[in-house]
Structure formats: structure tokens, C-alpha cells
Amino acid sequence: MITVRQVREVKLSAWQNTYYPELWRGMFITSKHFFQNFGRFIGRAVGLKVKRPLVTFQYPEERRPIAPRWRGRHRLMLRPDGAPRCVACMMCETACPDKCIYITAGEALDGRIEKYPVAFEIDLLRCCFCGLCVEACPEDAIRMDSGYIDLGGYSRAEFYLDRDYLLKDSALTTHSQFRGELDGVVVTRVDLLAQAKHH
Amino acid sequence: MLVDLGIIIGKIAFVLVNILNGAGILTWVERKQSALISDRIGANRASILGIRLLGLVNSLADAVKLIFKEDFVPPRGLRVVHFLAPIFAMGPVFLTMAVIPFGPPVEMFGREFKLQILDIDIGILYILAFGSIAVYGAMLAGWASNSKYALLGGMRASAQMISYEIILGLSLIGPILAFGTMEPGAMVNAQNQYLWGWIPTWGLVVQPVAFLLFLPAAMAETKRAPFDMPEGESEIIGFATEYSGMRWGMFFLGEFAEIVVLAGVMTAVFFGGYHVPFLFDAVEKAGQAGFHFPWGMYIPLGEWTVVILRMLAFGAKLAILMWLQMQIRWTFPRFRYDQLMRVSWKEMMPIALVNIAVTGLVILWLNK
């Protein structure tokens, strides 16, 4: 069944079509906002408990709460022993629609995996944050961060992320582990670092 | 002689300082007022040692930035004209304020001085003349920039000025007829009469249609929204496209100064100048200075108190009118260029002519 939604057609009356009264009505609305906010500002300044005058956030001090499912800049996850999870399989590099991931593989010497990333670089200025690299990764080695991430910089070089930067502050993970918060519920994780030390 | 010179220089300095300060503060007011209208906070980031002064420091930071910014002259542009254009845009605006009386005549050193820099009989013509010279700034800037976008902006500016200058002139004929003078000082004095003893004969009361025509025409002269076709930022067409740094700043300082001056002209012609309703000085009421209300109440005031009250009233009216211009600028959508021309030639012009005819007939009928 196709439901047709009726679009409300705005018909201007002759009075409105003269333009002039509507201009003054607009002036009344903006003036109302002006004096309301002005009054609230003064009220706040003298210490009265009035409504918060404005809707904007004072950005660096106040931050707008972002959705828990929001995903930002990439990070490389770690094995329990602290080495990067990445096995340099090039899946993310292949899947990347912007071709902004550059991996240089090296032979792993510990015998458990074949390769490891000698260099893992992401050109954030080309990245479109589509998350396909995260989807493509068979090792769950690359993820996109949640929470506030400052993506600002003063030069192009600052947006060219290298392996060590992507690994910085990264968590130790297993395949099944979820870290962080989803839909407001905090998911706690097993402290793998402590477990690794016991072995 | 020396006293005369001193007083003239003092008056010029007083008016210039006030216009410049007014223009500077208006840059701040514009940001803050538009912010309040749209429920924002507005400029408040710049600070000196952590003192933000409600965003006033931002204006200082702007000035510093504009002064130290690269001063770019387009290659193969007319260097001399490019240099002169901002001066043409800013200079005449300050001259306009010379004929506006900002206070009543004062007795000092045994002589009477008018609180008005230039007291000439054709004051209104003087205002119109210098108001239209200011557009040369925009035109020359467009021409000297060696850029088709700037040239189009300059052409738009000149076409708009011609259209609205006519309305400006025609709308002022009504008050000139009604008050029977072209001298702003005399015009202001004519507005201290009272119809039936209690309605002050302000230009707004005697010539409401003229005011409703004058306000938009004057705002078109300032080249500000909703009449900002010459700048047209959203179309990248603007006479100031090729200007940077303080030269660009001078265009906009001139624009803000024009707001102050226009508020002055409107105060003098339509809002009773420095007069407060029912406040008279000693000359007008036989030595009894103070409030004389129509129901017979009399509040005596000193001669100097009256002078100061009147100057404060002038300032207050100026402030309210500047607020009104800002509010209009941040409320109304821009015109399209053909709409702009239509409003001027097909709508405002006939109304202005009818207003002149009706005013003339009423004056004829009253004088019979």
C-alpha cells in the first residue's frame, strides 16, 4: 500500500501578500528573541535563577554529548603480550575505497604469525571514515574510536598517522571482546594484561 | 576669535570621536545582537590576560588583524584609484554629520553657541549630497580592481544608489514642506511645537509615510542587508572583492559610521532631534525652564540640566535608531536584484510622489 502524504500548501492571504505587515511580524519575532535573551543574560549576571538564555555550547569547555555508537579516528589494537594484532594481510588496504591505508609488511620472527606491520600509515585527509577497513579486518586489529577525538592539526603532516600513533593508548584485545559503551550500557572487559602476566 | 576657533575644533573633535567610537562599537553590537536574535552567545573568545569584556576584545583583535594583514593590490589594477576608493567611501560619511545639531544652543563666555558644527540653510541638500558621494567609493573600488566580479559589484552599487537616492530626496521633501525649512537646526526646533497642545509635531507624527520611505532608502544607501546587492557575499560579487586588510576595513568602518550618521539624520528630521516632549528651556518659556505638561504640571529644572537632558535624549534616540537598523539587517531576507529595482521605481517612487502631493495640499488647506 502506498500512502500519500498530503503536503500542506501555504496560501498567502491578500494581507500577507502586501509584504509589509509580515515584515513587521518578523521584526516582532526577532525582537522578542533579542529582548528575551537580553533579559535572561542580565538576570544571570545579577544572580537570578532564570532559564539558560542560549542553546549553543562553549566548545572547548563544554562539549556536546555524542552518541555512544559514534565512531571516529582509527586505532590499532594490541595482543595480550603488547604486540600489534595486525598481521599485515592487506585486507583493509584492499578494502579501502579511498586508498588511504599504506601497510609495509615485515616477517614476524616469533613463529606464531607470518607477518607483522613494519609501518602502518593512514592518510586521514583522504579517509572518508566509512569503516570498511574495520569490517574487512579478519584479526579485529583495526577499530574506530568512540568518544571525543580531537581531529585538528596545524599541518598536513599531522594528519598522516603512523603505526606508533595508531597504537598509542590502545587496549589489549581478543576477538570477542567489546570495549567501551553501547547504547548507554558500559561493557566491562577482562583485564587481559593482568592475565598475560600470570602466564 | 581664539575662543571661537577652540569651540569649533572642540565640536568637530566631539562629533568625530563619537562617530568613530560608535562605528567601532557597532562592529561589536552587530555580532552580539545577531547572536542574541538567533539564541547564540556571539563573539567572546578573544581575551587580554583572561579578560574578555563580553567580546569587546574581539573588536580590538579584529582591528589588529586588519592592520597587519597583507595589503593586496591586484596586478594591472589602477593603483591610485584602488588606494583612493576606501577614502571616498569613508570620508564623506563623516562630513554628513556636520549639519546635525546634537544639542540645544548653549550660552558660554557671554555668547551663544550652537551645538552643531556647520549651520547652513541648505543642510538637507548637504546631507543628500555627501550621502551620494559615498557611493563613489564603491564604484571606484569596483573599477580599479581589474576584476569583473568587483566591477559588477560596483555597477550594482551605482545603480542601487541612483534608484534609492531619488527616493531619499523625494521622501525628505515632505518634512521640508511640513517644517518649512531645509536647515536641520530649524527643523529640530519646529518639532518642539504641539498639535492640540499635547502631540509633539515630530516628523514621525507629521510625515509618517515619509519616514517609512526614508528608512529603507537610507538603509539602501548604507549598502547593508536587505539591500546588500553591491557586496553580495553569497554570489562572490562585491566591490570589495579585491580588497584586503585595513583598506577593506575602511569600507566597513565607513558603512558602520554611515549607520551612526543615518541615525543622526533620522533623529533630526523625524524624531524631534534633541527635544524631549514637554521639556522647555528658559528662552522658550519665559525663564521657566523644565517640564511643562499639558495638564498644567510644571517641574522646574536648571538651565544646564535641560541642556544635558537634551543631549542625552539625542544620544538615546541615536542608540534606538541604530538598534532598529541592526534589527532590520538581521531580520529581513535579501532582495533579488530585480525586486530591489521594482521596489524602488514602481512602489516607493509613486508613494513618495503621492505623499508630496498630499502634503502640499494639506499645507495649502491649512494656510487658507
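Two strands pair if DSSP finds at least two bridges between them. By that rule, strand 2 and strand 3 of chain A pair, since 7 bridges join them, and they run antiparallel. The structure discussed here is a predicted model.

## Domains and sheet of chain A

Chain A is divided into domain 1, residues 12-61, and domain 2, residues 75-172. The C-alpha centres of domain 1 and domain 2 of chain A lie 48 Å apart.

In chain A, 3 strands form an open sheet with antiparallel pairing, and the order of the strands is 2-3-5. Strand 2 (101-107) and strand 5 (160-161) of chain A stand at the edges; each has a single partner strand, so one side of each is left without a neighbour in the sheet. Strand 3 of chain A covers residues 115-123 and is joined to strand 5 of chain A by 2 bridges, the two strands running antiparallel.

Individual residues show how the strands are set against each other. Ile101(A) has Ile122(A), in strand 3 of chain A, as its bridge partner. Ile122(A) also stands opposite Leu161(A) of strand 5 of chain A. Asp123(A) stands opposite Tyr160(A), which lies in strand 5 of chain A.

## Salt bridges

Side chains of opposite charge can pair when their charged atoms come close. Over all chains, the structure holds 14 salt bridges.

| Pair | N to O distance |
|---|---|
| Arg75(A) and Asp145(A) | 3.0 Å |
| Arg336(B) and Asp338(B) | 2.9 Å |
| Glu347(B) and Arg342(B) | 3.3 Å |

The pair in chain A links separate elements. Arg75(A) forms a salt bridge with Asp145(A). Arg73(A) joins Arg75(A) and Asp145(A) in a network of salt bridges.

In chain B, the side chain of Arg336(B) meets that of Asp338(B) in a salt bridge. Asp338(B) is partly exposed, with a relative accessible area of 45%. The side chains of Glu347(B) and Arg342(B) also meet in a salt bridge. Glu347(B) is partly exposed at 37% relative accessible area, and Arg342(B) is partly exposed at 41%.

## Interface of chain A and chain B

The contact between the chains involves 19 residues of chain A and 17 residues of chain B. The size of an interface is often given as the accessible area lost when the parts come together. Between chain A and chain B the buried area is about 1700 Å², and carbon and sulfur atoms give 68% of it. Which three residues supply more than any other three of the area that chain A buries against chain B? They are Met27(A), Phe34(A) and Gln58(A), which supply 30% of that area.

What is the count of salt bridges between chain A and chain B? The count is 0. Polar contact is found across the interface of chain A and chain B, in 6 residue pairs with both residues at pLDDT 80 or more.

## Two sites in chain B

Thr181(B) is placed in the loop between helix 5 (148-179) and helix 6 (184-190) of chain B. With a relative accessibility of 17%, Thr181(B) counts as buried. A polar atom of the Thr181(B) side chain lies 2.9 Å from the backbone nitrogen of Glu183(B). Leaving out residues up to four places away in sequence, Thr181(B) touches Ile176(B), Ala186(B) and Met187(B).

Val354(B) lies in helix 11 of chain B, which spans residues 337-366. Why does Val354(B) count as exposed? Its relative accessibility is 51%, and exposed means over 50%. Val354(B) and Val209(B) are 145 residues apart along the chain, and their C-alpha atoms are separated by 9.9 Å.

Methods. Residues numbered from 1 in each chain as written. Chains lettered and ligands numbered in written order. Predicted model: local features only at pLDDT ≥ 70, side-chain atom pairs only at ≥ 80, totals over all residues. Heavy atoms only, no water. Helix = DSSP H or I, 4+ residues; strand = E, 2+ residues; numbered from the N terminus. Buried < 20%, exposed > 50% of the residue type's maximum accessible area, 1.4 Å probe, protein only. Domains from an automatic or database assignment. Contact = heavy atoms within 4.5 Å. Buried area = accessible area lost by both parts, 1.4 Å probe. Salt bridge = Lys/Arg side-chain N within 4 Å of Asp/Glu carboxyl O. Polar contact = N/O pair within 3.5 Å; in protein donor to acceptor, adjacent residues only side chain to side chain.
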